[in-house]
Amino acid sequence: KGDVLGGFACYPDCSEGDKSVPSYHAYNHHYFSWLIGGDAEMYEAEKPTGAPNPTKTTFRTKAGTEHAWPTNIVFQENPGGEYRKSYHGYPSGYAQLIHSPSQWIVEPMQIDTHNRRFGINDNE
């Protein structure tokens, strides 16, 4: 079974007790994310990947897989603060293909820019 991904958007949602902070207090510098299927497995590479975002985390198709569909997709982006609530997509007629998608894994790199001498918003 194959599926297509035409695009995605991020709408951060705070869990109970957390406070949403303005994007200028939590700068999303870059992120890695992987959409993986049932026939993919994660492993740690011996050496990190190259620039711009080195990482040892990677995925591969499991041995014995008998189809030709992609089993994992990596997204490496440097979107900055405009990432939140923005659509990341493909033109009409184009999409990412993946076999049996099962997990979306995100590895964010955020920079905390909040000055602790002040509250999170005007009400504090």
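Leaving aside its neighbours within four places in sequence, which residues is Thr-71 in contact with? Keep that in mind as the tour begins. The model on screen is predicted.

**Whole chain**

Start with the cartoon view. The protein chain has zero helices and nine strands. From the N terminus on, the elements read β-β-β-β-β-β-β-β-β. Of the 124 residues, 23% are buried. Take contacts between residues at least 6 apart in sequence: 77% of them join residues at least 24 apart.

**The cores**

Select Leu-5, Tyr-31, Leu-35, Ile-73, Phe-75 and Ile-98. These six residues form the largest nonpolar core. Strands β3 (26–37) and β6 (72–77) each supply at least two residues of this core. Next, select Phe-32, Ile-36, Ala-40 and Phe-59. They are among the five residues of a second, separate core. In soluble globular proteins, nonpolar side chains tend to be buried together.

**Thr-71**

Go to the loop between β5 (57–61) and β6, where Thr-71 sits. Buried or exposed? Thr-71 counts as buried, because its relative accessibility is 2%, under the 20% cut-off. Now the opening question. Beyond its neighbours within four places in sequence, Thr-71 is in contact with Leu-35, Ile-36, Gly-37, Asp-39, Ala-40, Arg-60, Thr-61 and Ile-98. Leu-35 and Ile-98 belong to the largest nonpolar core. Ile-36 and Ala-40 belong to the second one. Show the side chains of Thr-71 and Thr-61: they make a polar contact at 2.7 Å.

**Trp-69 and the surface patch**

Stay in the loop between β5 and β6 and pick Trp-69. Its relative accessible area is 37%, so Trp-69 is partly exposed. With Trp-69, they make a nonpolar surface patch of about 290 Å².

**The salt bridge**

How many salt bridges does a search of the whole structure find? It finds one. Select Glu-41 and Arg-60, whose side chains meet in a salt bridge at 2.9 Å, N to O. The pair links distant parts of the chain: Glu-41 is in strand β4, Arg-60 is in strand β5, and they are 19 residues apart. Side chains of opposite charge can pair when their charged atoms come close. Check the cover on each partner. Glu-41 counts as partly exposed, at 30% relative accessibility. Arg-60 also counts as partly exposed, at 39%.

**Pro-48**

Move to the loop between β4 (40–44) and β5 and select Pro-48. This proline is partly exposed, with a relative accessible area of 46%. Set aside neighbours within four places in sequence, and Pro-48 is in contact with Pro-54, Thr-55 and Lys-56. Draw a C-alpha to C-alpha distance from Pro-48 to Thr-58. They are ten residues apart in sequence and 9.4 Å apart in space.

**His-114**

Finish in the segment after β9 (101–112), where His-114 is found. His-114 counts as buried, at 15% relative accessibility.

Note on methods:
Residues numbered from 1 in each chain as written. Predicted model: local features only at pLDDT ≥ 70, side-chain atom pairs only at ≥ 80, totals over all residues. Heavy atoms only, no water. Core = buried A, V, L, I, M, F, W, Y, C linked by side-chain atoms within 4.5 Å. Buried < 20%, exposed > 50% of the residue type's maximum accessible area, 1.4 Å probe, protein only. Helix = DSSP H or I, 4+ residues; strand = E, 2+ residues; numbered from the N terminus. Polar contact = N/O pair within 3.5 Å; in protein donor to acceptor, adjacent residues only side chain to side chain. Contact = heavy atoms within 4.5 Å. Patch = residues over 30% accessible without salt bridge, like charges linked within 9 Å, V, L, I, M, F, W, Y side chains within 5 Å. Areas by Shrake-Rupley, 256 points an atom, 1.4 Å probe, with all protein chains shown as cover. Salt bridge = Lys/Arg side-chain N within 4 Å of Asp/Glu carboxyl O.
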